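Colleague: Please show me the structure, and then take me through a few of its details.

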Amino acid sequence: MRSRLRTNWPVMLLIVLGTLFILFPLYMTVTIALKNPEQMAQSVFAIPTILHWENFASAIDMTNFFQSFRNSAIVTASTVILTLLSNSMVAYAIARNMEKRKFFKGLYYYFVSAMFIPFPIIMLPIVKLTASLEMTNLLGLILLHTVYGLAFNVFVYVGYIRSIPVALEEAAFVDGATTWGTFWKIIFPLMAPISATVGILTCLSTYNDFLLPLIIISDPSQYTLPLVQYVFQGQFNTDFNLAFASYLLALLPMIIIYLFAQKWIINGVTQGSVK
Amino acid sequence: MNKRIAPYYWMTVPAVVLFFIFMTLPALQGIYYSFTNYNGFGKGYDFVGFKNYFNLFQDDNVGNAYWFTFKFAIVVTILTNILSLLIALGLNAKIKFRNFFRGIYFLPNILSVLIVGYIFNYLFSNVFPIWGQNLGISALSTNILGSESLAWIGIVIVAVWQSVALNTILYLAGLQTIPTTLYEASNLDGAGKWREFWSITFPLIAPFFTINMVLAMKNSLMVFDQIVALTNGGPGRATQSISHLIYTGGFEGGEYAYQSANSVIYFIVIAVISILQIRFLQRREMDL
């Protein structure tokens, strides 16, 4: 019994060794981003003695970083907000009516079945569609990201709402509240924990997405961060230090958010995936 | 009464409209085009019936992409699950700074797949070969991404490096649902660690095993970003995945209708595999 309470040193050692596999590529990213080609020639692995911060300035210049960061931030924030509003609303209507009304039950299966549709099946038509609607821009990206999360989010939301007792809403109705009022004033605040989960997952997948911007966006002023890395890959080939500075800049916003909200993010991801 | 019910219908409108326009309509269009010879940019096209589908089965590039994708997905699924279960057991043991290590092990999951791919691309071409030469290992001393027979292993390494993070956290969540009293009881009965794992731990995290297998399989069947960042399908077509083939053939190769047919097949394959996996693994859950 007592042994369970003591630190398990052999396991601890293995866990520490394991983190090296995770940290090594990140160590390389940071150090390469701070070196110049001469330092690289001496040793690829060494910690840089002179820090070349100007790599970041050049990378910002070359990739127009602030513009693509702004695009990524707009798309991610708007997608999260739109997702939370539209998906929670439809999920609420479904969860409260799917037992009594066939329409809502049908709707539930209509949405959830989309979880099995691989993106390539709609990839080709969606390009034609967004082009004809003149939505090959950030607005198009926001709407598409919102739609592609719908299947999974409705699934998660409906499961959660069904665990909220109906009695609360009935009391509100008796007091004369409307359905809309009940949703916004009672249900929406009660859904905060699951909305946090949906928000985190949506934020991660939207910010990191590469394929959708690749096929939708043609105007360079609308490029998102991953797309910029792809487009500039050819030009970086001559200068790895600049390339790595640019990678680091693109990764940094999420890493900073992660450092502050780590526990929250891990819990959110676990809840969303297991439900 | 109606005043109470009508708003529920209105609540569904935004999601239904968006979903219909951007999901259902394109999916139906994709199926429609798969029966034509449309090339993607011109105006005219003819109906060709099932011709695209017949041709798919005789196309070496398609067969090659399916073979690569399946080989890749199976290896990644198995490796990811073994490694993440081991790490989760380690992180669940009595160690110091548990939350700190949990944070580190989850880190790869928040990073962009494309950029992680670029970073590893550099490591494979410029860093690992140096080690290989110093250690005298010939397999490592050249860039494995440039080798037709080894390149897929490079992609497996990157995919596993990243996907282990999510599966570890899910297994960890599963391990925390097991009551410690069960272990205390088995300790009193004198059960060894090995026995304990197979008789208590593994059966009790069976639902998490199911979800992890399905997630890992589904994600790796859709592999795209890693391919773009690491090999772009090469050398030759040695590492071309199905989604990469649909993308390049459909957008750049003028095979719009043909690749539409390919994606219909791809959809059926993924749906069947996911359903079979869930059925099979859930039956196992209940038997235990």
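This is a predicted model: local features need pLDDT of at least 70, side-chain atom pairs count only at pLDDT 80 or more; totals for chains, interfaces and linings use all residues.

Colleague: Is N36(A) buried or exposed?

Modeller: The side chain of N36(A) makes a polar contact with that of H52(A) at 3.3 Å; such a contact is a pair of N or O atoms within 3.5 Å, where one must be able to donate a hydrogen and the other to accept it. Buried means under 20% relative accessible area, exposed over 50%, and partly exposed in between. N36(A) has 16%, so the residue is buried.

Colleague: Which class does the ring pair of F35(B) and Y53(B) fall into?

Modeller: Rings pair if their centres lie within 6.5 Å; planes under 30 degrees apart are stacked, over 60 edge-to-face and the rest tilted. The centres of F35(B) and Y53(B) are 5.5 Å apart and the planes are at 35°, so the pair is tilted.

Colleague: What is the angle between the planes of F197(B) and W198(B)?

Modeller: F197(B) is buried at 15% relative accessibility, whereas W198(B) is partly exposed at 44%. Their rings form an edge-to-face pair, 5.0 Å centre to centre, with the planes at 80°.

Colleague: How do α8(B) and α9(B) lie to each other, parallel or oblique?

Modeller: Angles under 35 degrees count as roughly parallel, over 145 as roughly antiparallel, 65 to 115 as roughly perpendicular and the rest as oblique. The two helices pack at about 55°, with their axes 4 Å apart. That makes α8(B) to α9(B) oblique.

Key
Residues are numbered from 1 along each chain as its sequence is written. Chains are lettered from A and ligands numbered from 1 in the order in which they are written. Side-chain values use heavy atoms; hydrogens and water are left out. Axes are lines fitted to C-alpha atoms, for helices over the stretch in contact, and angles run from 0 to 180 degrees between N-to-C directions. Buried means under 20% relative accessible area, exposed over 50%, partly exposed in between (1.4 Å probe, protein chains only). Rings of Phe, Tyr and Trp (its six-membered ring) pair if their centres lie within 6.5 Å; planes under 30 degrees apart count as stacked, over 60 as edge-to-face and the rest as tilted.
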